[in-house]
Amino acid sequence: MHLSQLDILQVRNLQDVRICCHAGANVIYGSNGSGKTSLLEAIYLLGRGRSFKHRDLRVVVNNHADELVVSARIERHRSNSSHQLGVKRTAQGRFEARLDGKPLQSAVQLVEELPLQLIDAHSFTLLEGGPLQRRQFLDWGVFHVEHGYTVLWRRFQKALKQRNQLLRHGRMDAESLRAWTAELIPLSEQITSYRKQYLVELTQQAIAVAGRFGGLGVLELEYYQGWDHQRSLEEVMKTDEARDIATAKTNHGAHKADIRIKVDGVAAAERLSRGQIKLLVYALKLAQGMHYQEKVGQSCLFLLDDLPAELDYEHRGQVVSCLNGLGCQYFMTGVDKKDFEELVVGIAHQMFHMEHGVASVG
Ligand SMILES: Nc1ncnc2c1ncn2[C@@H]1O[C@H](COP(=O)(O)OP(=O)(O)OP(=O)(O)O)[C@@H](O)[C@H]1O
Ligand SMILES: [Mg+2]
């Protein structure tokens, strides 16, 4: 799968940009503030229905405009078909998405249509941030390979919300609380089982990629399921019911899960240098892309914001060679053209020069 043409209207300083994308490597270079990250933000918006920089899309709409539009021609290699995907944030604040002119009902459909991975200046939070980032990372993978996962996830969220609402409610209705606990337990267990299975498969890929990068040490990914693994969730929730009531929240379950990422037996965030952390994030996301490709039979798209930052020349080359090996489409940005010139020798690519929100080939 790849984008053959991308149209961006009124996304930050990109007022009207059209580029014909390369099916493989796309390099976007230009000075600070020229609009490189905004171009990636536009693609991300198309694939996720939200920005990776701001929750509020009002900030993303160009200052002089009321609405933004991003659309792209998607070429599907598997089905040998071509589709038009588009999103719009209207002046009234509505978010609309369309595939071949037909409205899409939710952002989940966008994610299915345009699977993408982003690595930017904040990606170190995958290692250094809270568990939410790692759960989201894990769930991206499970969502794409397990068809029933979205429904399961929604049912779980609903049951959790109901149980927490009840816990926050002053007068405790013990019967209702137990009913929601009973609903929640099997959902938590199913989510856990999908995630565990996925993590086992992903770990093998991640070890292989990290090994290619070299110098990262022995990688381990350990799943913490959100409750004591030696006890059943039923038992844990029964024992801790009083604590749930006292704290007015559900303290155990799949929503508390985490991945413990270690190198040489030590938490990766404590052991690795900044550049190595970035490299490990690349290894994890590339592994996810590989796993996705193996399971789904198509490639996902990679957005690499400021690839040269923090990575030495050799490691940049290894990242690019991995992406090339995957045969996926990728967009990488950086300030200096010369940082990319040697990197893409022998690799089919397209370079774009970004200047004051205008992208030109070259
Ligand atoms: N809503 C908006 N309307 C117009 N311009 C905006 C808006 N939001 C941000 N900008 C401007 O868009 C420009 C492009 O920002 P962007 O982050 O894409 O730059 P960049 O090329 O990635 O720069 P850097 O090399 O520093 O990362 C900035 O000058 C920013 O001030
Ligand atoms: Mg930028």
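**How the helices and strands are described**

Guide: In this predicted model, helix 5 passes helix 6 in a left-handed crossing.

Visitor: How do you know how the axes of helix 5 and helix 6 lie to each other?

Guide: Two packed helices are described by the angle between their axes and the distance between the axes. For helix 5 (residues 149–168) and helix 6 (residues 174–213), the axes come within 9 Å and cross at roughly 145 degrees.

Visitor: Which residues of helix 5 meet residues in helix 6?

Guide: Among them are Leu152, Trp153, Phe156 and Leu160 in helix 5, while those in helix 6 include Leu177, Trp180, Leu184 and Ile191.

Visitor: Why is strand 13 described as largely enclosed by the rest of the structure?

Guide: A residue is called buried if 20 or more other C-beta atoms lie within 10 Å of its own; 5 of the 5 residues of strand 13 (residues 330–334) are buried, so the strand is largely enclosed by the rest of the structure. Tyr330, Met332 and Gly334 point one way, Phe331 and Thr333 point the other way, and all are buried.

Visitor: What makes strand 3 and strand 12 partners of strand 13?

Guide: Two strands pair if there are at least two bridges between them. Strand 3 (residues 25–29) runs parallel to strand 13 and is joined to it by 5 bridges, with Val27 standing opposite Met332. Strand 12 (residues 301–304) also pairs with strand 13 in the parallel sense, over 3 bridges, and here Leu303 stands opposite Phe331.

Visitor: Which elements make the right-handed β-α-β unit?

Guide: Strand 12, helix 11 (residues 313–326) and strand 13 make that unit.

Conventions:
Residues numbered from 1 in each chain as written. Chains lettered and ligands numbered in written order. Predicted model: local features only at pLDDT ≥ 70, side-chain atom pairs only at ≥ 80, totals over all residues. Axes fitted to C-alpha atoms, helices over the stretch in contact; angles between N-to-C directions. Helix = DSSP H or I, 4+ residues; strand = E, 2+ residues; numbered from the N terminus. Left-handed = near helix turned anticlockwise from the far one by under 90°. Contact = placed C-beta atoms within 7 Å. Buried ≥ 20, exposed ≤ 12 C-beta atoms within 10 Å, placed from the backbone. Right-handed = clockwise from strand over helix to strand, strands pointing away.
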